[in-house]
Structure formats: C-alpha cells, structure tokens
Amino acid sequence: APHQRASCKIAATMHGAMRRDELLTAAADDTPDPPGPPGGPVLRVRTVWISDLHLGTPGCQADALLDFLRHVECHTLFLVGDIIDGWQLRRQWYWPQAHNDVVQKLLRKARKGTRVIFVPGNHDEFARRYVGHNFGGVDVVKEHIHELADGRRLWVTHGDLFDGVIQCAKWLAYVGDWAYELTLKINRHLNSLRARLGLPYWSLSRFLKLKVKRAVSYVSDFESAVAREARERGVHGVVCGHIHHAEMRTIEGVLYCNDGDWVESLTALVELPDG
C-alpha cells in the first residue's frame, strides 16, 4: 500500500539508507487515515510531548500509541527523541504495519495544521544531521524553548547528554540496550503466562528500576542534573525523556517533567489550554 511504502522509506532514511529528496517524496504521501476506533472523546489540549516510542523494536506499543494519537488534538506536538530506534534497526530489521501507521499519523497531523517538533535522541541520533530542516511538516531541532500559555518557559531536550554512560562509555550503552531488550523479551513471555492465569501486567524492568539501589540512584542523579542545567539556563522547567521513567515534580525550584515512554509505561505529557 502507498502508506506502507512511504513509512518504510522514512524508516530507511532515518538510519542512513536514503537521500533527503526521497524522504520528502515519502513524507508527501497523502493516503487517507486508516479507520480509527468508533466514537470516543477527543482530548483537546495546547501541547503534547511524547518520547521513546522506539519504533522498529518489538517492545514498541504502537497500537496503544495510535489509539492515543487518534483521540488527542493539539496545537503543538513534541517528539522528544528515540522515536525510531536506529540501534535496533541496524542489528535486525523489524517494521510491522502498526509502526507504518504511527509514522503516517504523525505526518498527517503535521499536514492538518499541528506544529510537529522533533528533538532527536541517542537512538535516533542519525537525525541530528538534519537539525534545522523540515521534513513533511516536521521541524528537526537540537532542543527547544517552549512558552506555556501562562508565560512560563520550558526547555525541551531528550536528555541523553546528561547520561554519563552515553557520553563516556558508549559501548556500555549498547550493552545496556541489549540487556534491556532481553529484559523486555523475558517480560513478554512472563506476562503471557500471567494473562493465562488471570493476573495483571507486571513490569520486570520497572521493578528493577525502582528496587535496585544503583538504578534508583542513577534516575535521581539524572533528574537532578537535568533540572540543574534548566535552572542555569534561566527557564522555569524542563521536559525530557530518555530514562523511560515518567515523572513530574519540582526539583530545587525547577519543574522537572519526564514524559516517559511507549514501551512499558505508555505515558505522555500534555499542556492544558490555560498553561
């Protein structure tokens, strides 16, 4: 189908397999929106932030993400990094129909008037070479200062620059990514068994993140470092992703917001019309 070809072209371009002019051709595809769920309320907000979709991996919850995107309308949509997982796609190609549909839905929102801003992360760092460009209505930026309706200013960044492992030992980050994928695979089998026993979903990675002392310390150090940088930049708060841990709290006078992920927590951050 045309929208399948377009989305596959975009994914290929994202990890260096296609020229820019071909991406523009793919982004211009105008295939009608696939039928969404019947009825249901639409959430109308000023701004939406999502990150860590990890399209191109088995862990991406694309169907849930599509359901969310079909039921939310906003003036500005921020894609705060790790949208397409170039690390995984280099290891093994994985691109089902639902991942095509997500890309097409994002492009369609841009065509229909939503301002879509993409801040690349470490898993889609290949897109950082296109900072300053616009593809299919999507602005690619290194970072962004967003002004809320009430006048407060938020710094939007993926957050990987505050990850010591990424900056100082990238090989270890690749090992960690492989271990995380393995954890998710084990978790899928475990929850398949739990479902047959009538038990609710349980996240192994979240359990480890909240219970292992070093992991808890890593999350806390990351949050403090990002908030400290936001304060030095003179803004009221920061929105980031990267660590797959949704959070919204004040750290030393700075509003710290992490929009989580669409692998396990299935979370987004929104700004209501009043800011």
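User: Is Glu-252 buried or exposed?
Analyst: This is a predicted model. Glu-252 sits in the loop between E9 and strand E10 (254-258). A residue counts as exposed when its relative accessible area is over 50%. Glu-252 has 63%, so Glu-252 is exposed.

User: What is the phi of Glu-252?
Analyst: Most residues other than glycine have a negative phi. Glu-252 is not a glycine, yet its phi is positive, near 50 degrees.

User: Where is His-244, and is it buried or exposed?
Analyst: His-244 belongs to the loop that links strand E8 (237-240) and strand E9 (247-251). Its phi is positive, about 55 degrees, although it is not a glycine. The limit for buried is under 20% relative accessible area. His-244 has 13%, so it counts as buried.

User: Which residues does Thr-157 touch, leaving out those up to four places away in sequence?
Analyst: Thr-157 is placed in the loop between strand E7 (153-156) and helix H6 (164-168). With a relative accessible area of 6%, Thr-157 is buried. Its contacts are Val-80, Val-119, Val-238, Val-239, Cys-240 and Gly-241.

User: Which strands stand at the edges of the open sheet of 6 strands?
Analyst: The order in this sheet is E4-E5-E3-E2-E1-E11, with mixed pairing. Two of these strands have a single partner strand each, so one side of each is left without a neighbour in the sheet. They are strand E4 (134-135) and strand E11 (269-271).

User: What is the bridge partner of Phe-118 in E5?
Analyst: Strand E3 (residues 115-118) pairs with strand E5 (residues 138-140) in the parallel sense, over 3 bridges. For Phe-118, the bridge partner in E5 is Val-140.

User: What angle does the direction of helix H5 make with that of E2?
Analyst: Helix H3 (residues 62-70) packs on the sheet, touching strand E1 (43-50) and strand E2 (72-79), and its direction makes about 140 degrees with that of E1. Helix H5 (residues 97-111) also packs on the sheet, where it touches E2, E3, E4 and E5. Between the directions of H5 and E2 the angle is about 110 degrees.

User: What accessible area do Leu-43, Val-270 and Leu-272 have together?
Analyst: Leu-272 lies in the segment after E11, and it is partly exposed at 47% relative accessible area. With Leu-43 and Val-270, Leu-272 forms a nonpolar patch on the surface. Their accessible area together is about 230 Å².

Notes. Residues are numbered from 1 along each chain as its sequence is written. This is a predicted model: local features need pLDDT of at least 70, side-chain atom pairs count only at pLDDT 80 or more; totals for chains, interfaces and linings use all residues. Side-chain values use heavy atoms; hydrogens and water are left out. Two strands pair if DSSP finds at least two bridges between them. Helices (H or I, at least four residues) and strands (E, at least two) are DSSP runs, numbered from the N terminus. Contact means heavy atoms within 4.5 Å. Axes are lines fitted to C-alpha atoms, for helices over the stretch in contact, and angles run from 0 to 180 degrees between N-to-C directions. Patches are made of residues with over 30% relative accessible area and no salt bridge: like charges are joined within 9 Å, nonpolar side chains (Val, Leu, Ile, Met, Phe, Trp, Tyr) within 5 Å. Accessible areas come from the Shrake-Rupley method with a 1.4 Å probe; for residues, only the protein chains shown count as cover. A salt bridge is a side-chain nitrogen of Lys or Arg within 4 Å of a carboxyl oxygen of Asp or Glu. Buried means under 20% relative accessible area, exposed over 50%, partly exposed in between (1.4 Å probe, protein chains only).
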